[in-house]
Amino acid sequence: MRRRPGLSARMKLALSYAGFLFVAGALLLAVVWGFLLRYVPDNSQGLLGISPNRYLLVHTFAPAAAVAMAFLLVFGLVGGRLLAGRMLAPLTRITEAARTAGKGSLSHRIRMEGRQDEFRELSDAFDSMLEQLESHVAEQQRFAANASHELRTPLAISRTLLDLARQDPAQDRAEIIERLHTVNTRAIDLTEALLLLSRGERGTFTRESVDLSLLAEEAAETLLPLAEQRRITLDVTGTTAVTSGSTELLLRMVTNLVQNAIVHNLPADGTVTVHTEMYGDTSVLRVENTGRPLPPEMLPTLTEPFRRGTDRVRTDEHAGVGLGLAIVHSIVRAHDGTLGLAPRPAGGLVVTVRLPAG
């Protein structure tokens, strides 16, 4: 946005200081005139016949007063400019940092020294904003790179299969078609997961009253065949837990948690418990599963996109795309909730979702 040139803040402050001193000097002279000179007799003999009269005092005092007023004006301009420059120096550093950030360099920090004041507070807030922006941009760059890599893999496999079918007509076409179907299904699932993750991060959805206990039962019913196939006992317990949000997104959240709990479990005879309850003004969903012990340092990485948790037990037919908990985390944040991960002492994981009651 182009603006017309104007006075700088430094010059405005300098003019303000000079104007203040000039007005203060004028008031002082007015006081002198009002309370001193007007009592001096204005006659040829002066005061008691020996002192100068008002005419002489005025003509003697006026030039000196004019010089003093000129000095105050110049002193106010020069001193005000120096003081304004010193006071606005932190603002200059903040402006330079903003310009540097505007050019794409988010690693620069002001780190203004000195005691706390308005400029230091603004500087610290700006540094904090730059740190968050840098972290967000780096996360988006990693996400884009990982997403590109993940999408390239099934496309490359599809191209290889098609080239093989074209170069070798004797190849079993039914097998190639089946493998293409599997690869294409995986690519579609990955694309839908990416779109869902993006939608959850934007928070663009219509809110309505949702009962998490009903979603837990629906997710458990859907995933029961998978649990039976892996010989996992799946239980849904608890009471009504109502929140406000998107039914579709919250159902995907619950489904992802239950599916992860089934897949990342013991090879057989494991358990998954889904529990819902109201705790004050908070709706709580807790998904707990058995499994091998998890190192504490691994927990923070589980919600990162494309982190598949290779130390956790799972079968090849459920290799996943590494977006399960990332989508859950995104949906929870979009619904103003919190996601907690804690390892079970006997092995496995406890995932706790807390959402505002609706």
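Me: In which helix is R252 found?

Reply: R252 lies in helix α6 of this predicted model.

Me: What makes R252 partly exposed?

Reply: Its relative accessible area is 32%. Buried means under 20% and exposed means over 50%, so R252, at 32%, falls in between and is partly exposed.

Me: What is the reach of helix α6, and how does it stand against the expected value?

Reply: Helix α6 runs over residues 247–263, which is 17 residues. From its first C-alpha to its last it reaches 24 Å. The expected span is 1.5 Å times one less than the number of residues, and for α6 this gives 24 Å, so the reach is close to the expected one.

Me: Why is α6 called mostly covered?

Reply: The count decides: 12 of the 17 residues of α6 are buried. A residue counts as buried under 20% relative accessible area. Among the buried residues of α6 are L249, L250, M253, N256 and V263.

Me: How do you know at what angle α5 and α6 pack?

Reply: Two packed helices are described by the angle between their axes and the distance between the axes. For helix α5 (residues 212–229) and α6, the angle is about 40° and the axes are 9 Å apart. The crossing of α5 with α6 is right-handed.

Me: Which residues make the contact of α5 and α6?

Reply: On α5 they include L212, L215, A216 and L223, and on α6 they include L250, V254, V258 and I262. The residues of this contact divide into 13 nonpolar, 3 polar and 1 charged.

Me: How do you know where α6 and α7 stand to each other?

Reply: The axes of α6 and helix α7 (residues 324–334) come within 9 Å and cross at roughly 145°. This crossing is left-handed. R252, M253 and N256 are among the α6 residues that meet α7, and I327, V328 and I331 are among those of α7. The contact divides into 9 nonpolar, 3 polar and 1 charged residues.

Me: Why is α7 called mostly covered?

Reply: Of its 11 residues, 8 are buried. They include L325, I327, I331 and A334.

Me: Where are R111 and D269?

Reply: R111 sits in the loop between α2 (54–102) and α3 (118–167). D269 sits in the loop between α6 and β4 (270–279).

Me: Does the accessibility of R111 count as buried or exposed, and what of D269?

Reply: The cut-off for exposed is over 50% relative accessible area. R111 is at 61%, so R111 counts as exposed. D269 is at 56%, so D269 is exposed too.

Me: How do you know whether F205 counts as buried or exposed?

Reply: F205 is found in the loop between α4 (173–202) and β1 (208–211). Its relative accessibility is 14%. Buried means under 20%, so F205 counts as buried. F205 and A334 are 129 residues apart in sequence, with their C-alpha atoms 9.3 Å apart in space.

Me: Does V274 count as buried or exposed?

Reply: V274, in strand β4, has 0% relative accessibility and therefore counts as buried. Leaving aside neighbours within four places in sequence, V274 is in contact with residues including A216, V236, V258 and L285. The C-alpha atoms of V274 and A216 are separated by 6.9 Å, although the two are 58 residues apart along the chain.

Me: What does the secondary structure of the chain come to?

Reply: The chain has 7 helices and 7 strands. Of its 358 residues, 34% count as buried.

Conventions
Residues are numbered from 1 along each chain as its sequence is written. This is a predicted model: local features need pLDDT of at least 70, side-chain atom pairs count only at pLDDT 80 or more; totals for chains, interfaces and linings use all residues. Side-chain values use heavy atoms; hydrogens and water are left out. Helices (H or I, at least four residues) and strands (E, at least two) are DSSP runs, numbered from the N terminus. Buried means under 20% relative accessible area, exposed over 50%, partly exposed in between (1.4 Å probe, protein chains only). Axes are lines fitted to C-alpha atoms, for helices over the stretch in contact, and angles run from 0 to 180 degrees between N-to-C directions. A crossing is left-handed if the near helix is turned anticlockwise from the far one by less than a right angle, and right-handed if clockwise. Contact means heavy atoms within 4.5 Å. Ala, Val, Leu, Ile, Met, Phe, Trp, Tyr, Cys and Pro count as nonpolar, Asp, Glu, Lys and Arg as charged, and the others, Gly among them, as polar.
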